[in-house]
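Subject: Structure handover

Hello,

Here is the structure I promised to pass on. My notes on it follow below.

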Amino acid sequence: MDRVQNFYLQAYLSYRGLFHWLTPFPYFSNLVLAPFLMLLNFVLIGRFASVGDVDRFGIGMVVYAIVWIYVAGITQSFSNDRSGGTLHLLFASPANRASAYFARGAGHFYNGPVAAISTTLLAVLVIDLNAGDLNYLTYAVAIAVVSTGILMFSLLLGNLAALYRDWQIFFSVALGALLGLTGVIIPVDRLPGVLEGVAQALPITHGLRALRGAFAGDSVAAVSSDLLLELAVAAGYAVVGLLVFMLIDRAARRRGILAGGEE
């Protein structure tokens, strides 16, 4: 019980102390407004280009709303952890590294489903996204699973924000890869062979197929293979991310500094 309480305390304190979008306007603009503007952007481009099924853009941007709030928020938190000097204190403490690592993402988790649901509602109301056949249970499960995958991917990126001052390059590359290679905009089967292979190892790719199935009325059982693949990808990023975090911790304690020479 003490370990559980300690985990939630770490999650709460790291979220409140390191996530700088918690004042009302920045929080609303990044959770609701920014995803909605991205949704309008791609849907209007699709209509202008006379793309037949613009609903695919709408559903894709429901997932991408999760990417925006997770990747930006978690990398920002890791960077603030480093620049504020609290990361050094963690590495000098006897705290459980796995607990400390995953606690840095736990406080952010609810933002993903909230962003996805708000984007879905706005898409239905403003761009007439067809939700007439939506299976609500499959939708909820798909959003939870996709959120888990993106969260684990974001924590891995957070390690890079802890290592490098100029972490924004990794942030930009990640946003572009998740937009262009996972089926959000371009169908995965239309990508070149190598990139299609990369897409299979990224979060979203499999979960987005499950979410599209939810909008088509599919049951959870019907999309279970995609959901399991998404969870497998999430587990892979969780393991790799934790290993990288522990390597950073070991190197920092041995050398007395983080990478880049910042004391």
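A residue counts as buried here when its relative accessible area is under 20%. Ile-204 has a relative accessible area of 0%, so it is buried. Please keep in mind that this is a predicted model.

Ile-204 sits in the loop between H9 and helix H10 (205–215). Its backbone deserves a look. Most residues other than glycine have a negative phi. Ile-204 is not a glycine, yet its phi is positive, near 90°.

Where is Thr-182 placed? The loop between helix H8 (168–180) and helix H9 (193–200) holds it. Thr-182 has 1% relative accessibility and therefore counts as buried, given the cut-off of under 20%. Its side chain comes to 2.5 Å from the backbone oxygen of Leu-178. Thr-205 and Leu-208 are themselves buried residues of H10.

**H10 and what follows**

How many of the residues of H10 are buried? Nine of eleven are, so the helix is mostly covered. Besides Thr-205 and Leu-208, the buried set includes His-206, Gly-207, Ala-210 and Leu-211. Gly-213, Ala-214 and Phe-215 belong to it too. Which helices do these buried residues pack against? They pack against helix H3 (55–83), H6, H7, H9 and helix H11 (224–255).

Gly-217 is partly exposed, at 35% relative accessibility. Beyond its neighbours within four places in sequence, Gly-217 contacts Asp-133 and Asn-135.

**Asp-128**

Asp-128 is another non-glycine residue with a positive phi, at about 60°. It lies in the loop between helix H6 (111–126) and helix H7 (136–163). Is Asp-128 buried or exposed? It counts as exposed, with 58% relative accessibility. Ile-204, by contrast, is buried.

**A nonpolar surface patch**

Four residues make up a nonpolar patch on the surface: Tyr-164, Ile-169, Phe-170 and Val-173. Together they have about 370 Å² of accessible area. Phe-170 belongs to helix H8. Its relative accessible area is 31%, so Phe-170 is partly exposed.

**Gln-10**

Helix H1 (residues 2–18) contains Gln-10. This residue has a relative accessible area of 18% and is buried. The cut-off is under 20%, so Gln-10 qualifies at 18%. Not counting residues up to four places away in sequence, Gln-10 touches Ser-99, Ala-100 and Ala-103.

**Aromatic pairs**

How many aromatic pairs does the structure hold? There are ten. One of them joins Phe-7 and Tyr-8. Their ring centres are 5.7 Å apart and the planes stand at 80°, so this pair is edge-to-face. Phe-7 is partly exposed at 22% relative accessibility. Tyr-8 counts as exposed at 57%.

Tyr-101 and Phe-102 also pair edge-to-face. Here the ring centres are 5.0 Å apart and the planes are at 70°. Why does this pair count as edge-to-face? Planes over 60 degrees apart fall in that class, and the planes of Tyr-101 and Phe-102 are at 70°. Tyr-101 is buried, with a relative accessible area of 0%. Phe-102 is partly exposed, at 24% relative accessibility.

There is also one aromatic cluster, formed by Tyr-15, Phe-19, Trp-21 and Tyr-110.

Best wishes

Methods:
Residues are numbered from 1 along each chain as its sequence is written. Side-chain values use heavy atoms; hydrogens and water are left out. Helices (H or I, at least four residues) and strands (E, at least two) are DSSP runs, numbered from the N terminus. Buried means under 20% relative accessible area, exposed over 50%, partly exposed in between (1.4 Å probe, protein chains only). A polar contact is a pair of N or O atoms within 3.5 Å; within protein, one must be able to donate a hydrogen and the other to accept it, and residues adjacent in sequence count only if both atoms are side-chain atoms. Patches are made of residues with over 30% relative accessible area and no salt bridge: like charges are joined within 9 Å, nonpolar side chains (Val, Leu, Ile, Met, Phe, Trp, Tyr) within 5 Å. Accessible areas come from the Shrake-Rupley method with a 1.4 Å probe; for residues, only the protein chains shown count as cover. A salt bridge is a side-chain nitrogen of Lys or Arg within 4 Å of a carboxyl oxygen of Asp or Glu. Contact means heavy atoms within 4.5 Å. Rings of Phe, Tyr and Trp (its six-membered ring) pair if their centres lie within 6.5 Å; planes under 30 degrees apart count as stacked, over 60 as edge-to-face and the rest as tilted.
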